[in-house]
Amino acid sequence: MGHLLQSTATLAIAPLLATALITGSQASAQTGVNTTSLQHTVVLSDLDEPWDMAFLDDGTMFFTEKCDGLSVLMPSGEVNALLGMSNAEGYASSAEDLFCDGQAGMMGVAIDPDFANNRRIYVYSTSNMVTPHTNRLMRLVVSEDFTDVSDRTDIVEDVPYKMEATDHPFGGTGAHNGGRVRFGPDGYLYLTTGDNHNSEIPQSPTLMGSKVLRIDTDGNAAAENAPPEGFDQRTYTYGHRNVQGIAFHPETGTPIVAEHGPWHSDEITVLRNGGNAGWDPRPNMAGRGECPDNYCGYSPNQMEGMNRYERATFMPMTDLETYPDAMPPIWDNNGWSQGTSSAAFLEGEQWGDWDGAMVVGIMGIGFGGTPLGQRIDVIELTDEMTVEDVTELTLPMEPGRFRSVVSGPDGSLYTAVDEGLIYKLTPGN
Ligand SMILES: [Ca+2]
C-alpha cells in the first residue's frame, strides 16, 4: 500500500508541516473575511487522486482515493487503510470487483447521520461484478476501532458505466459517472450520476445515469420523490450531464448541484423534486443532425469557428426550447466549461460575510500547457436562490484540480486536488 504508507509517514510530521506551511497572510482592516486572510495546512499528501472526504464531529476524516480505496484519518494523525480496490495492497479488507478506469473508480463517501449507533458509511465505486460493469453505492459498517469495514451491502447496483470507447474528445471508457453522495437534511441519501457519453441516458426514465437519486439507507426510493410517470421512483431529478457536486442550502435545505459543461456552460442548478435538468445530446434534437456514436455532447467543439455562445445554442446544457419546464441554471461560469466538480456551503462566524455562502471547486482545463481556471469560487446567493455575487478565493497555496470541497466540523474548508493533496483552509490571520 505504498501510497498509504507514505500518507502515514506524512501524517507523522504533519504538526510541524502545519506550522511551516502557513503562508503569510495580510491583516485586513475590513470587518469579516476577505480574500487575503486565508491560511492553509496540508492535511495529507502523496495520495493517489483523492476524490472525496466525510467527517465525524471529532475530526475523524474518511477519504477515498480513486484507484486505491477507502481510508480514514484519525484525530491522532494515524491513517487506517480500510477497503482496498483490486490491485491495491495494505488494506484491512479488499474488494476485487472494484476497479478504476479513466474517470471511474472509487468516488463519493458519506457518513450515516446515526453513525454513533450503526457505524454505517456509504461509498460509491465502479465495479466489474457484472457485465456490463456498473457504478454502485455500497453500505459498509466500520469497526469500533476504525481499522476495518465489514457487512458490505450494495444498496444501488445499477448506475451505468461506459464500457466502450467512443469517437469523441475524452472518448475513453469509464467516462461521466457523476459520483458525489451526500445526506440531505431530510435524512435521505442523494447520489449524483453521469451520462456515460450515451445520449439515451439523460432523458431515460429507467437508466440511472444523468440523475440525482434520492433514496433511503437501504437503497429504496424516497417516498416523496416525484419524477414523471413511468420513471424509476429513485429519481429526484434527471436530464443532467455529469454532476460531481451537490450541497444543501444551510437555511432552506434545498439541494443545489454543480455539473460539468461540454466545452461551454458549467452549471449550478437549484433542484426541484422531479425536475428535468434539460440535457439531451441525442442526434436530431434541437435542430442538430447526426453525431459520432450517436452522441452530440461534444459536437460543437468539432465544428470549426464556433464560440462558446454558439456552442451553447447548438448543444445546450439546458434545452429550454425542447423542455420549457426544465430547471434553468442559476450560474453558467460565464459560458465556460472548466470542470465544476464539487460544492459545499461555508458555515461559521469566522467566515464573516461568507457565512452561509456556497463554494465551488473548479478543476480547470488545459492541454499541454498551464491549466486555466483552477480555483475555488465563493458564490453568494439571494433569498430567492439567485446568484448575488461571485468571488474567486485568493488561495494561500498553489491551485490544483479541486476535485472536492467539504466543510469540516471545525468550520474549516477542506479541499482535495487530483495532484494528491488534501488541504485545510481556515480564515483569519
Ligand atoms: Ca442543465
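Helices (H or I, at least four residues) and strands (E, at least two) are DSSP runs, numbered from the N terminus. With that in hand, hello everyone: this chain has four helices and 24 strands.

Two notes on the model. It is predicted, so to speak of local features we need pLDDT of at least 70, side-chain atom pairs count only at pLDDT 80 or more, and totals for chains, interfaces and linings use all residues. Residues are numbered from 1 along each chain as its sequence is written.

Now the overall picture. I will call a residue buried if 20 or more other C-beta atoms lie within 10 Å of its own, exposed if 12 or fewer do, and partly exposed in between, with C-beta atoms placed from the backbone. Of the 429 residues in the chain, 49% are buried. Two residues are in contact if their C-beta atoms, placed from the backbone, lie within 7 Å. Take the contacts between residues at least 6 apart in sequence: 57% of them join residues at least 24 apart.

Let's go to strand β3, residues 61-65.

Who are the partners of β3? Strands pair if DSSP finds at least two bridges between them. Strand β2 (residues 50-55) runs antiparallel to β3 and is joined to it by five bridges, with P50 opposite E65. Their hairpin has five residues between the strands, and G59 takes a positive phi near 100 degrees there. On to strand β4 (residues 69-73): it also pairs with β3 in the antiparallel sense, over five bridges. Here F62 stands opposite V72, and the hairpin has three residues between its strands.

Next, an open sheet of four strands, in the order β1-β24-β23-β22 with antiparallel pairing. The edges are β1 (38-44) and β22 (402-407), each pairing on one side only. Six bridges link β1 to β24 (residues 421-427) in the antiparallel sense, and Q39 sits opposite T426.

What about the core? A nonpolar core is a set of buried Ala, Val, Leu, Ile, Met, Phe, Trp, Tyr and Cys residues joined through C-beta atoms within 7 Å. The largest one has 95 residues, and A343, M358 and V359 touch the most other members. Strand β5 (residues 79-85) gives this core its largest share, five residues. Beyond neighbours within four places in sequence, the contacts of M358 include A247, A343 and L381.

Why is V212 buried? Because V212 has 25 C-beta neighbours inside 10 Å. Its C-alpha atom is 9.9 Å from that of G275, which is 63 residues away along the chain.

Finally, some backbone details in loops. The peptide bond from T131 to P132 is cis, with omega near -5 degrees, and P132 lies between β8 (120-127) and β9 (134-142). S265 is not a glycine, yet has a positive phi of about 60 degrees. N284, also a residue other than glycine, has a positive phi near 65 degrees. Which of these is buried and which exposed? S265 is buried, with 25 other C-beta atoms within 10 Å, whereas N284 is exposed, with 11.
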